[in-house]
Amino acid sequence: MQQDNNIFIFEHPLIKHKISMLRDKNTGTNEFRKLVEEIAMLMGYEALSDLPLKDVEVETPIETCMTPMIAGRKLAVVPILRAGLGMVGGILSLVPTAKVGHIGMYRDEETHEPQEYYCKLPNPIDERTIVVVDPMLATGGSAVDAVSQIKKHGGKKIKFLCIIGAPEGVEKFHAAHPDVQLYIGQMDRQLNENAYICPGLGDAGDRIFGTK
Ligand code: PRP
Ligand code: URA
């Protein structure tokens, strides 16, 4: 994985392979959904490698020992609706006890500005590690606003996971939230005139839910 400040870009061949399958316009809804969940799991496994541990006493069939378990108030997963929902299962397969919040955002088709329509977060959230998930970081508007909203609710230790990032969005996000660890499955070339990522994978929400 490449790391620069708080930006982490994955190099793992399994992630690259699965993202290439996502890009294919002939990949259908069912397979697309499964791939998004698998990629989220692979990314989450690495992104959670710094979760704090605490030794607890456990009795094995042989003897009693002190052994490490995840410490503290644990995790919250926060998908940005809709497309982020596709990644939640992947993270929950790693940490099934995590709480799940939701932030609803859609991009205005003309201005490409994010419009927030829903926010419900676990309360209190300040002691949790918060993993925000959204497959696409395009202009960065949705991600920046979602994280600002989480911070307003008291969120402090925040990680953002996206499957594909555009340079414009990554720059904007890191400038707005340099304290947030940003994990990117793959960096793409640029945005087009409609603010879609090139080569990208199209509209992630439509491909996950079979809409359009
Ligand atoms: C997509 C995607 C991100 C956003 C990224 O959602 O899931 O949330 O666009 O674009 P940005 O970086 O330019 O803000 P969309 O607005 O299409 O909503 P949807 O998930 O409901 O389809
Ligand atoms: N949202 C998407 O779903 N895809 C893009 O390429 C950009 C924003």
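I began with Lys 157, and its relative accessible area of 36% makes this residue partly exposed. I kept in mind that this is a predicted model.

Next I looked for the partner of Lys 157 and found a salt bridge with Asp 50, with the closest N and O atoms 4.0 Å apart. Lys 157 belongs to strand E11 (residues 157-165), while Asp 50 sits in the loop between helix H2 (29-47) and strand E3 (53-59), so the bridge ties together parts 107 residues apart in sequence. Asp 50 is partly exposed too, at 35%. I also noted a salt-bridge network that links Asp 50, Lys 157 and Lys 159.

How many salt bridges does the whole structure hold? My search gave 7.

One of them joins the side chains of Arg 23 and Asp 188, at 2.7 Å from N to O. This pair links distant parts of the chain, 165 residues apart: Arg 23 is in helix H1 (residues 13-23), and Asp 188 is in the loop between strand E12 (181-187) and strand E13 (190-191). Is Asp 188 buried or exposed? Asp 188 has a relative accessible area of 8%, so I put it down as buried. Arg 23, at 23%, is partly exposed.

I then checked Lys 212, whose side chain meets that of Asp 206 in a salt bridge of 3.7 Å, N to O. Lys 212 is exposed at 86%, whereas Asp 206 is buried at 12%.

Last, I stepped back to the protein chain, which has 6 helices and 14 strands. Of its 212 residues, 47% count as buried.

Definitions and conventions. Residues are numbered from 1 along each chain as its sequence is written. Chains are lettered from A and ligands numbered from 1 in the order in which they are written. This is a predicted model: local features need pLDDT of at least 70, side-chain atom pairs count only at pLDDT 80 or more; totals for chains, interfaces and linings use all residues. Side-chain values use heavy atoms; hydrogens and water are left out. Helices (H or I, at least four residues) and strands (E, at least two) are DSSP runs, numbered from the N terminus. Buried means under 20% relative accessible area, exposed over 50%, partly exposed in between (1.4 Å probe, protein chains only).
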